[in-house]
Amino acid sequence: MRTTITLDKDVAEKLQAEVQHRRSKDFNETVNDVLRRGLMTRRKLAASKPFKVRGARRMGSKPGLNYDDLGGLLEQVEGSSYK
């Protein structure tokens with residue numbers, strides 16, 4: 001199938017770099033390969049199972065640590081040289 005598309009400048013530059021890197025394939029073959037890979041990746045992501053956390057448990061909080069003051073917490077845990 002023959003079609004005409006307009007590529008953004010950054011996309012065209014990346015495709016040209018890919019063509020130069022592959023040397024054995026022309027622009028059309030490279031575009032088709034890149035599109036194929038992108039479409040397959042999208043299908044794989046859509047088909048993958050959602051991530052589940054197993055064995056999660058509450059860790060509680062340590063006495064004397066103020067979790068609302070991140071700077072103070074870092075200084076307490078790592079010392080004054082954390083900055």
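## How helix 1 meets helix 2

Helix 1 and helix 2 lie roughly perpendicular to each other, because angles of 65 to 115 degrees fall in that class. Their packing angle is about 110 degrees. Their axes are 9 Å apart. Helix 1 covers residues 9-22, and helix 2 covers residues 27-47.

This is a predicted model. The mean pLDDT of the protein chain is 84. Of its residues, 98% reach 70 or more.

**The contact**

Which residues of helix 1 meet helix 2? They are L15, Q16, E18, V19 and R22. Helix 2 brings F27, T30, V31, D33, V34 and R37 to this contact. Sorted by class, five residues of the contact are nonpolar, two are polar and four are charged.

**A look at D33**

D33 sits in helix 2 and takes part in the contact with helix 1. Is D33 buried or exposed? Its relative accessibility is 17%. The cut-off for buried is under 20%, so D33 counts as buried.

The side chain of D33 also has a polar partner. It makes a polar contact with the side chain of R36, at 3.2 Å. Beyond its neighbours within four places in sequence, D33 is in contact with R22 and K25. R22 belongs to the helix 1 side of the contact with helix 2.

Definitions and conventions: Residues numbered from 1 in each chain as written. Predicted model: local features only at pLDDT ≥ 70, side-chain atom pairs only at ≥ 80, totals over all residues. Heavy atoms only, no water. Axes fitted to C-alpha atoms, helices over the stretch in contact; angles between N-to-C directions. Helix = DSSP H or I, 4+ residues; strand = E, 2+ residues; numbered from the N terminus. Parallel < 35°, antiparallel > 145°, perpendicular 65-115°, else oblique. Contact = heavy atoms within 4.5 Å. Nonpolar A, V, L, I, M, F, W, Y, C, P; charged D, E, K, R; others polar. pLDDT = per-residue confidence, 0-100. Buried < 20%, exposed > 50% of the residue type's maximum accessible area, 1.4 Å probe, protein only. Polar contact = N/O pair within 3.5 Å; in protein donor to acceptor, adjacent residues only side chain to side chain.
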